Amino acid sequence: MELTALLKQQIKNRMNIDNPWWTLGCIDADYKKMPSRLYINLFYPLVKGMEVRRSVILMGPRRVGKTVLIYHSIQRLIEDGVSPQQIIYVSVETPIYNQISLEILFELAKEAVVKTDSKETFYVFFDEIQYLKDWEVHLKSLVDTYRNCKFVASGSAAAALRKRSMESGAGRFTDFMLPPLTFNEFIHLKNYSSLIVPAEIEWKGYRMASYSAIDMNRLNELFLNYINYGGYPEVVFSEQIQSNPGQYVRHDIIDKVLLRDLPSLYGITDVQELNTLFTVIAYHSGNEFSYENLSKESGVKKETIRKYIEYLEAAFLIRVIHKTNENAKRFQRATSFKIYLTNPSLRCALFQPLQSTDEEMGNMVETTIFAQWIQRSNAQVYYANWKNGRKQGEVDLVGLHVATQKPAWAVEIKWSNHYYEHPGDLRSLLEFLDNNDLPEAIVTSISKSGDRQQGEVRLLFIPAAIYAYMVGQNTFEKKQQRLGL
């Protein structure tokens, strides 16, 4: 494309609109007043740090707040003393930037802000970078050429971004995944943190940090709201969107992934097949599937289903969880597995909001808790399922020790208070604990908490909402530790 003087001026004019801090000294008021996600505290140090010459690749599903995270990082840079004229934001999907290299866009931005010194430090943000072909080659070149600048790129096509980041950006890119909201983030953003009180539990011989609720009924109302609407920041704060979440989530998230992102990435021609399969999975999130029964229910061939599941996982819409047997041994050739939505509110958008007494609540509470767990990149989580003659059983959540691959803990996810009064009814869990010499397990409930002894086994009951909050909080803290923060 020839860059005429007129086109260059139009691009600079557009950049002035997209970088209001060049003249105002701060980001737009609309973005400034939005509450920050907790992940800003993990992301911003990577943006600010100049010690390591790396570009940061911000990845995540659609509509989880990547652009807002970028704007809030820009505001923090300004507050930390960085000149607003040294901060550049470019949304690559802007039509006028079509097919223009990142380096040319960077140079035009410097001209627009009247800063052309090649040795000056800049913080440069390229949003929706997947819209530029071979973006990873462009970005690596920038990192190598402009050693005193920090480049940050974001994109929603997480699968392609991660693959290309690993292939072309070795030693030059740092990946950062922004997931849907966890329940503890949801509570934080809604300003209900005062409902949660720090507490302690005894677990595996240690006193560990836990939580309780001042008003368990209110916390459960918020938990249900999170299940229905809580994965996306915009939905959380908009009653208008909550009145018709299907239109927003379906159009802006699901349809764009199923009809545009995945077909363009993987050359899918029959998008109706992919949509049908995803709808079946979403309706039965938390169920055990096989390629055989998925094929029968969706009408899609088994070979095609394998590929579609891989694509849907790569797009961060679903997560496949594999099983062990009653002795926590993994199957060499497992023909069945569980599939969970990575965000429970996807189901609400496709069908209808749930009530706390609905039959589907059990599976959706299970989906919600798994949604907190699977944000840990190294989480060794499984479920146990077995059948010996007439005896069969299942345990919802099993953790394997990384080194020994033996069971380290077990959790039975229930949306019921029944088992607190009748722990002996948890026959599958008790059998699994006995088979694997585990002295204790966690069981979730609606509102009951405390210890229940069943023979030699200790069952620790925790309300499902509290347990989801704990897992989300612990996941965040582990990411902090891993980043050295």
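## Strand β11

In strand β11 (residues 336–341), S336, K338 and Y340 point one way and F337, I339 and L341 the other, and all are buried, meaning under 20% relative accessible area, with exposed over 50% and partly exposed in between (1.4 Å probe, protein chains only). Six of the six residues of β11 are buried, so the strand is largely enclosed by the rest of the structure. Helices (H or I, at least four residues) and strands (E, at least two) are DSSP runs, numbered from the N terminus.

The model is predicted: local features need pLDDT of at least 70 and side-chain atom pairs count only at pLDDT 80 or more, while totals for chains, interfaces and linings use all residues. Residues are numbered from 1 along each chain as its sequence is written, and side-chain values use heavy atoms, with hydrogens and water left out.

## Partners of β11

Strand β8 (residues 288–290) runs antiparallel to β11 and is joined to it by three bridges; two strands pair if DSSP finds at least two bridges between them. Strand β9 (residues 318–321) also pairs with β11 in the antiparallel sense, over four bridges. K338 in β11 is the bridge partner of E288, and I321 stands opposite K338 as well.

The side chain of K338 lies over the face of Y383, at 5.0 Å from the ring centre. A charge sits over a ring if NZ of Lys or CZ of Arg is within 6 Å of the ring centre and within 35 degrees of the ring normal. The charged end of R452 is placed over the ring of Y420 in this way, 4.8 Å from its centre.

## Salt bridges

The structure holds 18 salt bridges, each a side-chain nitrogen of Lys or Arg within 4 Å of a carboxyl oxygen of Asp or Glu. E288 forms one with K323, the closest N and O atoms being 3.6 Å apart. This pair links distant parts of the chain, E288 in strand β8 and K323 in strand β10 (residues 323–324), 35 residues apart. E288 is partly exposed at 30% relative accessibility, whereas K323 is buried at 11%.

R218 and E221 form another salt bridge, with 2.8 Å between the closest N and O atoms. Both residues lie in helix α10, three residues apart, about one turn of the helix. R218 is partly exposed, with a relative accessible area of 26%, and E221 is partly exposed at 48%. In the salt bridge of R427 with D425, the closest N and O atoms are 4.0 Å apart; R427 is exposed at 59% and D425 partly exposed at 32%. Salt bridges that share partners also join R53, K140 and D144 into one network.

## Aromatic pairs

There are 26 aromatic pairs in the structure. Rings of Phe, Tyr and Trp (its six-membered ring) pair if their centres lie within 6.5 Å; planes under 30 degrees apart count as stacked, over 60 as edge-to-face and the rest as tilted. The ring centres of F183 and Y226 are 5.3 Å apart and the planes are at 55 degrees, so this pair is tilted. F183 belongs to helix α9 (residues 183–189) and Y226 to helix α10 (residues 216–229), 43 residues apart. F183 is buried at 0% relative accessibility, and Y226 is buried at 2%.

W386 and F432 form a stacked pair, 6.2 Å centre to centre with 25 degrees between the planes. W386 lies in strand β12 (residues 381–388) and F432 in helix α20 (residues 427–435), 46 residues apart; W386 and F432 are buried. Elsewhere, ring pairs link F106, F122, F126, Y146 and F151 into a cluster.
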